[in-house]
Amino acid sequence: MSRFKFFDEEIKQEETFKDKLEYLGGPNDLNYVIMQQQKTVANGQAISDTETKMLWQLENIKNDKEGYQLYLNQKEHDVLKTNSQLQELVGFAKLFNAPTSRLHLRFNKTGKVISVLNQSEILAIWQNMKENELLSLVNANSNESNLILKAGDKDFSDSVPLVNDGILYQLLFPSFYGIANRNHVTKVQRDFRSNIFNEKRIELSGERIVEGGGTDELMVRENFINGKRGDYTQEILKTYNTQYKPIFIADLDYMYRVNIDYKFFNHSGILKNVECEVEERLNNNFYFKSHYSFKLKNEQYG
């Protein structure tokens with residue numbers, strides 16, 4: 001014990017206060033319960049309304065000076081609610097989750113996935129599915145079936161874009177480790193995949209707010225909305241006028257917003273929970289909404 005109390009307090013503060021969020025992992029498996037609700041409304045009628053519950057497990061965390069590695073296991077996937085007309089697609093959708101139900105991921109220091117280390121295993125599972133469960137789809141040789149298979153070939157031969165673009169993965173692995181300053185507001189640009197226009201990516205502007213919340217927890221809030229100008233606007237307008245306006249009559253009044261609240265254990269960088277709201281609308285006659293909730297089952301790992 002130092003005779004100078006001032007120096008003791010300085011050392012203690014240095015040990016507990018961190019300006020930047022770092023992912024250090026935990027000693028055991030981390031289990032997250034994920035709830036996903038999605039609804040698409042057209043002319044006042046819900047054309048899709050689903051609720052899904054999943055259990056994802058993170059295990060075998062390894063850190064080094066370049067970043068970290070971990071395994072992601074999708075342990076459970078239950079559809080709690082869906083439209084009757086979509087019921088037959090549930091099994092099909094689950095089938096396409098099978099190749100990536102176990103992922104060995106490598107991240108850089110900012111939390112971005114840079115490689116999928118079990119890529120050959122994923123591709124082998126996909127090839128086996130085409131020879132068995134999806135053989136009827138292969139034999140159909142239609143434009144629709146060929147497009148589905150082509151998308152699978154793309155996703156399962158190089159799964160890094162699939163992980164980095166998927167909103168569930170983005171929420172579980174946010175790309176701001178090492179750069180999230182406490183008690184600070186940062187302007188942020190991000191692009192999200194459209195839920196209405198296939199393969200279209202929409203650039204959103206927003207801000208990231210980091211709040212200390214004491215020494216145990218760190219809160220990060222991100223709020224995004226699309227700009228009214230940009231390269232995508234004319235393309236969306238053209239698509240809307242040719243494909244959607246004859247059905248929905250009203251003019252395009254496009255809006256895409258995303259609001260995310262994260263809570264982390266400050267010392268380990270482990271994610272405690274997430275709440276995310278997404279809304280994309282063409283106008284009041286056609287819109288898509290979703291809500292995502294992540295909760296760590298056992299909080300002792302902080």
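**Exercise 1. Which residues line the largest cavity?**

*Solution.* Let's start with the search itself: in this predicted model, one cavity of 30 Å³ or more turns up in the whole structure. About 70 Å³ of space lies inside the largest cavity. Its lining consists of Tyr23, Leu30, Tyr32, Leu58, Tyr68, Leu70, Leu172, Phe173, Pro174, Tyr177, Ile270 and Leu271. Next, look at the elements: strand 1 (30-42) and strand 3 (67-81) are those that give two or more residues to this lining.

**Exercise 2. Describe the second largest pocket and the residues of its lining.**

*Solution.* Begin with volume, which is about 340 Å³ for the second largest pocket. Then take the lining: it has 20 residues, and Lys112, Asn164, Gln170, Ser175 and Arg190 lie nearest the centre. Helix 6 (160-165), helix 7 (167-172), strand 6 (184-193) and strand 7 (201-211) each contribute at least two lining residues. By class, the lining of this pocket splits into nine nonpolar, four polar and seven charged residues.

**Exercise 3. Which strands pair with strand 10, and in what sense?**

*Solution.* Take one neighbour at a time. Strand 9 (residues 255-265) pairs with strand 10 in the antiparallel sense over ten bridges, and Met255 has Arg281 as its bridge partner. Five residues separate these two strands in a hairpin, where Gly269 in the turn has a positive phi of about 75°.

Now the other neighbour: strand 11 (residues 286-296) is also antiparallel to strand 10, with ten bridges. Here Val274 stands opposite Phe294, and the hairpin has two residues between the strands.

Definitions and conventions. Residues numbered from 1 in each chain as written. Predicted model: local features only at pLDDT ≥ 70, side-chain atom pairs only at ≥ 80, totals over all residues. Heavy atoms only, no water. 1 Å grid on protein atoms, 1.4 Å probe; cavity = no way out; pocket = protein on both sides within 12 Å on 5 of 7 lines; lining within 4 Å. Points joined across faces, edges and corners; volume = space filled by probe spheres on them. Helix = DSSP H or I, 4+ residues; strand = E, 2+ residues; numbered from the N terminus. Nonpolar A, V, L, I, M, F, W, Y, C, P; charged D, E, K, R; others polar. Pairing = 2+ DSSP bridges.
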